[in-house]
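Please keep the sequence and the model in view while going through the numbered points.

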Amino acid sequence: MMKKFLSVAFAALLLAGCQLPTKQGSDTTTEPEQPTQTQPPVTAPTTPVEQPPVTTVPTPPKVQSFNWNASLTPLINQMLGSPDVTAGSVLLVDNVQNQTNGSIQVSNATAELKKALQQGNKFTLVPANQVTSAKQSLGLSAEDSLGSRRKAIGLARIVNAQYVLYSAVDGDVQSPKIAMQLMLVQTGEIIWSGNGAVTR
């Protein structure tokens with residue numbers, strides 16, 4: 001019985017591996033695949049690119065021009081005529097400060113102030129490079145103002161100055177005023193002060 005079973009199983013395996021031949025001209029032909037027609041992609045209608053709004057740059061404030069020589073000369077003459085000022089002393093000049101409500105080129109005022117003081121021949125001015133190196137030794141930048149008396153006295157002692165001159169332009173930018181103060185380094189006392197209008 002085992003033989004019979006094996007022969008049936010063998011025959012089944014043999015027949016399972018064989019295929020029946022198909023007729024060449026039979027009705028069962030496969031149709032070739034139809035090529036699919038491709039349609040162009042649908043594009044969205046283009047909208048015009050919207051330009052960002054043009055921003056206008058504000059005009060910078062107009063820098064006022066003044067006649068610094070005419071504005072400073074009367075004050076310098078008052079200071080040089082003061083009985084408390086010793087001729088031949090060393091003077092440390094702080095940069096003129098702008099405390100107005102607008103833009104003023106105070107660098108021009110500082111330059112004119114130093115020029116007028118040198119022409120007065122009463123003071124020896126501390127050179128700018130010496131002031132810069134002294135400020136650096138105190139940890140200050142070259143643009144730092146000597147607004148605090150402690151800074152001013154410390155710097156003046158390093159450069160061996162007997163006096164410090166402070167100047168500030170204040171008030172309305174259309175009609176500013178200038179104020180000046182002369183400080184004695186030894187005591188920190190203001191020994192002279194004056195003010196006047198800034199002329200155009």
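1. At 58% relative accessibility, Gly 81 counts as exposed; the terms used here are buried for under 20% relative accessible area, exposed for over 50%, and partly exposed in between, with a 1.4 Å probe and protein chains only. Gly 81 is found in the loop between H2 and strand E1 (89-93). Its C-alpha lies 9.8 Å from the C-alpha of Lys 122, although Gly 81 and Lys 122 are 41 residues apart in sequence.

2. A word on the basis of these values is needed. The model is predicted, so that local features need pLDDT of at least 70 and side-chain atom pairs count only at pLDDT 80 or more, while totals for chains, interfaces and linings use all residues. Residues are numbered from 1 along each chain as its sequence is written, and side-chain values use heavy atoms, with hydrogens and water left out.

3. The protein contains five helices and six strands. Helices (H or I, at least four residues) and strands (E, at least two) are DSSP runs, numbered from the N terminus. Read from the N terminus on, the order of the elements is α-α-β-β-α-β-α-α-β-β-β. Of the 200 residues, 30% count as buried. Among the contacts with a separation of 6 or more, 64% are made by residues 24 or more positions apart; contact means heavy atoms within 4.5 Å.

4. How do H2 and H3 pack? Two packed helices are described by the angle between their axes and the distance between the axes. Helix H2 (residues 68-80) and helix H3 (residues 106-120) pack at an angle of about 45°, with their axes 10 Å apart. That makes H2 oblique to H3. Axes are lines fitted to C-alpha atoms, for helices over the stretch in contact, and angles run from 0 to 180 degrees between N-to-C directions. Angles under 35 degrees count as roughly parallel, over 145 as roughly antiparallel, 65 to 115 as roughly perpendicular, and the rest as oblique. H2 passes H3 in a right-handed crossing; a crossing is right-handed if the near helix is turned clockwise from the far one by less than a right angle, and left-handed if anticlockwise.

5. Which residues form the contact of H2 with H3? From H2 come Trp 68, Asn 69, Leu 72, Ile 76, Met 79 and Leu 80, and they meet Asn 108, Ala 109, Glu 112, Leu 113, Ala 116, Leu 117 and Gly 120 in H3. The residues of this contact divide into nine nonpolar, three polar and one charged. Here Ala, Val, Leu, Ile, Met, Phe, Trp, Tyr, Cys and Pro count as nonpolar, Asp, Glu, Lys and Arg as charged, and the others, Gly among them, as polar.

6. Rings of Phe, Tyr and Trp (its six-membered ring) pair if their centres lie within 6.5 Å; planes under 30 degrees apart count as stacked, over 60 as edge-to-face and the rest as tilted. By this rule the count comes to two aromatic pairs. One of them joins Phe 123 and Tyr 163 edge-to-face, at 5.7 Å centre to centre and 75° between the planes. Phe 123 lies in strand E3 (residues 123-125) and Tyr 163 in strand E4 (residues 163-171), so the pair ties together parts that are 40 residues apart in sequence. Both Phe 123 and Tyr 163 are buried.

7. Strand E4 also holds Ser 167. Is Ser 167 buried or exposed? At 5% relative accessibility, Ser 167 counts as buried. Leaving aside neighbours within four places in sequence, Ser 167 is in contact with Asn 95, Val 96, Gln 97, Leu 113, Ala 179 and Met 180.

8. Asn 121, in the loop between H3 and E3, has a positive phi of about 55° although it is not a glycine. Asn 121 is exposed, at 66% relative accessibility. Asn 160 sits in the loop between helix H5 (149-158) and E4, and its phi, near 60°, is a positive value in a residue other than glycine. Asn 160 is exposed as well, with a relative accessible area of 53%.

9. At 33% relative accessibility, Lys 151 counts as partly exposed. Not counting residues up to four places away in sequence, Lys 151 touches Leu 138, Leu 140 and Ser 145. Lys 151 and Leu 138 are 13 residues apart in sequence and 8.5 Å apart in space, C-alpha to C-alpha.
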